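Keep the structure open beside you as you read.

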Amino acid sequence: MKGIVSFYEKPGCKGNARQKVQLKELGYVVQSVDMISKKWEQESLTKFFQGESPHQFVNQRAPIVTSGELDPSDLSEGDLLEQMVNNPILIKRPLLFFRGKFGVGFDSELAAELLGDLTPDTECKSTDVCE
């Protein structure tokens with residue numbers, strides 16, 4: 001066992017399921033956390049962002065973004081962070097935590113460190129029903 005990875009996901013997301021398989025095949029224990037129903041606080045969420053703007057970590061496939069109801073670029077960092085806390089589907093996923101390190105997305109530095117030479121599964125498939 002290489003260690004325990006906390007994997008914050010949207011339950012039922014097929015892309016997240018494939019990503020967890022990749023980690024498990026490499027010898028990690030994956031602790032799945034439902035990031036949609038989790039009660040977030042701004043302080044805990046910003047740890048994953050590591051000082052970067054929340055604008056970099058928006059789930060562009062979130063229904064309120066794709067419908068045009070919300071344009072994240074129109075919001076200040078503080079307002080966007082508040083939106084993410086109240087509506088976690090807006091957060092790019094997965095969120096990862098491993099041995100004191102945080103990452104957002106399977107294209108993050110932390111994901112690359114965990115996967116080594118393995119190519120990360122970062123793309124949604126046409127058959128995936130995700131948001």
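1. Start with pairing: two strands pair if DSSP finds at least two bridges between them. Helices (H or I, at least four residues) and strands (E, at least two) are DSSP runs, numbered from the N terminus. By that rule, β3 and β4 pair in the antiparallel sense, over four bridges. Strands of a sheet pair through backbone hydrogen bonds, either parallel or antiparallel.

2. Some ground rules. This is a predicted model, in which local features need pLDDT of at least 70 and side-chain atom pairs count only at pLDDT 80 or more, while totals for chains, interfaces and linings use all residues. Residues are numbered from 1 along each chain as its sequence is written, and side-chain values use heavy atoms, leaving out hydrogens and water.

3. Now the sheet. Four strands form an open sheet in the order β2-β1-β3-β4, and the pairing is mixed. The edges are β2 (28-34) and β4 (101-104), each of which pairs on one side only. From one strand to the next, the twist averages 20°. Angles here run from 0 to 180 degrees between N-to-C directions, and axes are lines fitted to C-alpha atoms, for helices over the stretch in contact.

4. Look at β1, residues 3-9. Seven bridges join β1 to β2, and the two run parallel. Find two facing pairs: Phe7 stands opposite Ser32 in β2, and Glu9 stands opposite Asp34 in β2. How many of the seven residues of β1 are buried? Six are, so the strand is mostly covered, where buried means under 20% relative accessible area, exposed over 50%, and partly exposed in between (1.4 Å probe, protein chains only).

5. Helix α1 (residues 14-25) touches β1 and β2, and its direction makes about 175° with that of β1. Helix α2 (residues 42-49) touches β1, β3 (95-98) and β4, and its direction makes about 85° with that of β4. Contact means heavy atoms within 4.5 Å.

6. Turn to the hairpin of β3 and β4. Two residues lie between the strands, and Arg99 takes a positive phi near 45°. Across the pair, Leu96 stands opposite Gly103 in β4.

7. Which residues of α2 are buried? They are Leu45, Phe48 and Phe49. Seen down the axis of α2, they fall within an arc of 105°, so they line one face of the helix. The arc is that of the directions from the helix axis to the C-beta atoms. These buried residues pack against β1, α4, β3 and β4. After α2 comes Gln50, with a positive phi near 50°.

8. How do α2 and α4 meet? The helices pack at an angle of about 105°, with their axes 10 Å apart. That makes α2 roughly perpendicular to α4. The cut-offs are these: under 35 degrees is roughly parallel, over 145 roughly antiparallel, 65 to 115 roughly perpendicular, and the rest oblique. Gln42, Leu45, Thr46 and Phe49 in α2 meet Gly78, Leu81, Glu82, Met84 and Val85 in α4. The residues of this contact divide into five nonpolar, three polar and one charged. Ala, Val, Leu, Ile, Met, Phe, Trp, Tyr, Cys and Pro count as nonpolar; Asp, Glu, Lys and Arg as charged; the others, Gly among them, as polar.

9. Check Gln83, found in helix α4. Gln83 is partly exposed, with a relative accessible area of 31%. Leaving aside neighbours within four places in sequence, Gln83 is in contact with Leu70, Leu75 and Leu90. Gln83 and Lys47 are 36 residues apart in sequence and 16 Å apart in space, C-alpha to C-alpha.

10. Last, Lys38, in the loop between β2 and α2. Is Lys38 buried or partly exposed? Lys38 counts as partly exposed, at 30% relative accessibility. Leaving aside neighbours within four places in sequence, Lys38 is in contact with Tyr8 and Val33. Lys38 and Pro88 are 50 residues apart in sequence, yet 8.3 Å apart in space, C-alpha to C-alpha.
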